Amino acid sequence: MTARYDNLTRTRSLDPERDYLSIYQTMLRYEFPWDMKLGLNLAFNRSFSLPEIAAVHTATGELTERTQKRIDDTGLLMYEMVLNGFDQVRGREALRRINQIHRPYGISNDHYLYVLACLVIIPTRWLDRYAWRRLCCHERRATYLFYRELGQRMAITDIPGSYDELEAWFDAYDAIHLQPNDDAAAIERATRQLMLNRIPPVLAPLGNTLVSAMYDDTLRAATRATPAAWPVRAGLHAGLRTRAHLLRWFGKPRATPMFSDGLKAKTYPDGYEIGELGPEPSAAPGRPSPDTVPPDPRGAGGSR
């Protein structure tokens, strides 16, 4: 059992104010790879469902007509920044590419802040409920600091000053603004396969019902997803909690980090160039895709 907690012991020896990137990378690549990928999927699902954001996405067609490429591009740009940080070449290049895609347009600060909050709060809540252990205070702080740094470098303003404050802002904003809308329903139908891919093959026949069971009531209503019957919801909860206990008592620390063989995506079987990710210039709509953040007036790299 001792080795199971080696990464946690190391994390607790670090200073999250200084080492937040290393801590967050350990969470994603070693401690909770499956859970964090699923949590981030749920976070993007929620951010795509805000009525104003959903309307932009359906107007561009990037999520409803070029779904796999759009998802792959978003994931690759995100993971490039997580794996490389904001000061390494590839991390800066990913940030630069995001700015290039969205530079001509403007989206409200609150919408960008909502997306940022989704990436912090939704995966953290999933981990606290279904991962093999709950997060320690260093991991929670590191998660907040990573995304605060991202937000600051991208010129998002009025970011709440702590995880708890950001969570309170998110809950208040979410309760008011995440409302049922047809655009969110269209996007959810198009992107549902992303969630289905996270379900073990043995449970594939129940896939669509299980995906609906992963959503909370507010997200199900916003996307007009069919509610899952309570036995399915209860069974999913029990199964995930059983998995967590089994991993805690019988699991072994991951020896090889996720993405050790590089980032891969279905759209780019032969690899990709960061500068080529995203829509073609001719496909640019009248407004930007708002699941990213506005351009940094200080330049692609920003300043610390």
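Reader: Let's start with H5 and H6. Which residues in H5 meet which in H6?
Author: On the H5 side they are Leu-77, Glu-80, Met-81 and Asn-84, and they meet Arg-90, Gly-91, Ala-94, Leu-95, Arg-97, Ile-98 and Ile-101 in H6. Keep in mind that this is a predicted model.

Reader: Thanks! What does that contact look like by class?
Author: The contact of H5 with H6 has six nonpolar, two polar and three charged residues.

Reader: And at what angle do H5 and H6 pack?
Author: The angle is about 150 degrees, and the axes of H5 and H6, which covers residues 89-102, are 7 Å apart. Angles over 145 degrees count as roughly antiparallel, so H5 is roughly antiparallel to H6. The crossing of H5 past H6 is left-handed.

Reader: Nice. Changing topic: what volume does the largest pocket have?
Author: About 670 Å³ for the largest pocket. Its lining has 28 residues, and the closest to the centre are Lys-37, Asn-41, Ile-71, Asp-72 and Leu-194.

Reader: Which elements give two or more residues to that lining?
Author: Those are helix H3 (33-49), helix H5 (67-84) and helix H10 (182-196). H5 supplies the largest share of the lining, with nine residues.

Reader: Good. Now over to H7 and H9: how far apart are their axes?
Author: They are 9 Å apart, and H7 (residues 109-130) packs against H9 (residues 163-177) at about 115 degrees. H7 and H9 are therefore roughly perpendicular to each other. Their crossing is left-handed.

Reader: Which residues make that contact?
Author: From H7, they include His-111, Tyr-114, Cys-118, Ile-121 and Arg-125. From H9, Tyr-163, Glu-167, Trp-169, Phe-170 and Asp-174 are among them. By class, the contact of H7 with H9 has twelve nonpolar, two polar and five charged residues.

Reader: One last pair, then. How do the axes of H2 and H8 cross?
Author: The axes of H2 (residues 16-31) and H8 (residues 137-153) cross at roughly 100 degrees and come within 8 Å. H2 and H8 are therefore roughly perpendicular to each other.

Reader: Which residues meet there?
Author: In H2, Pro-16, Glu-17, Tyr-20, Leu-21, Ile-23, Tyr-24 and Met-27 take part. Their partners in H8 include His-138, Arg-141, Leu-145, Phe-146 and Tyr-147. By class, the contact of H2 with H8 has ten nonpolar, two polar and four charged residues.

Definitions and conventions. Residues numbered from 1 in each chain as written. Predicted model: local features only at pLDDT ≥ 70, side-chain atom pairs only at ≥ 80, totals over all residues. Heavy atoms only, no water. 1 Å grid on protein atoms, 1.4 Å probe; cavity = no way out; pocket = protein on both sides within 12 Å on 5 of 7 lines; lining within 4 Å. Points joined across faces, edges and corners; volume = space filled by probe spheres on them. Helix = DSSP H or I, 4+ residues; strand = E, 2+ residues; numbered from the N terminus. Axes fitted to C-alpha atoms, helices over the stretch in contact; angles between N-to-C directions. Parallel < 35°, antiparallel > 145°, perpendicular 65-115°, else oblique. Left-handed = near helix turned anticlockwise from the far one by under 90°. Contact = heavy atoms within 4.5 Å. Nonpolar A, V, L, I, M, F, W, Y, C, P; charged D, E, K, R; others polar.
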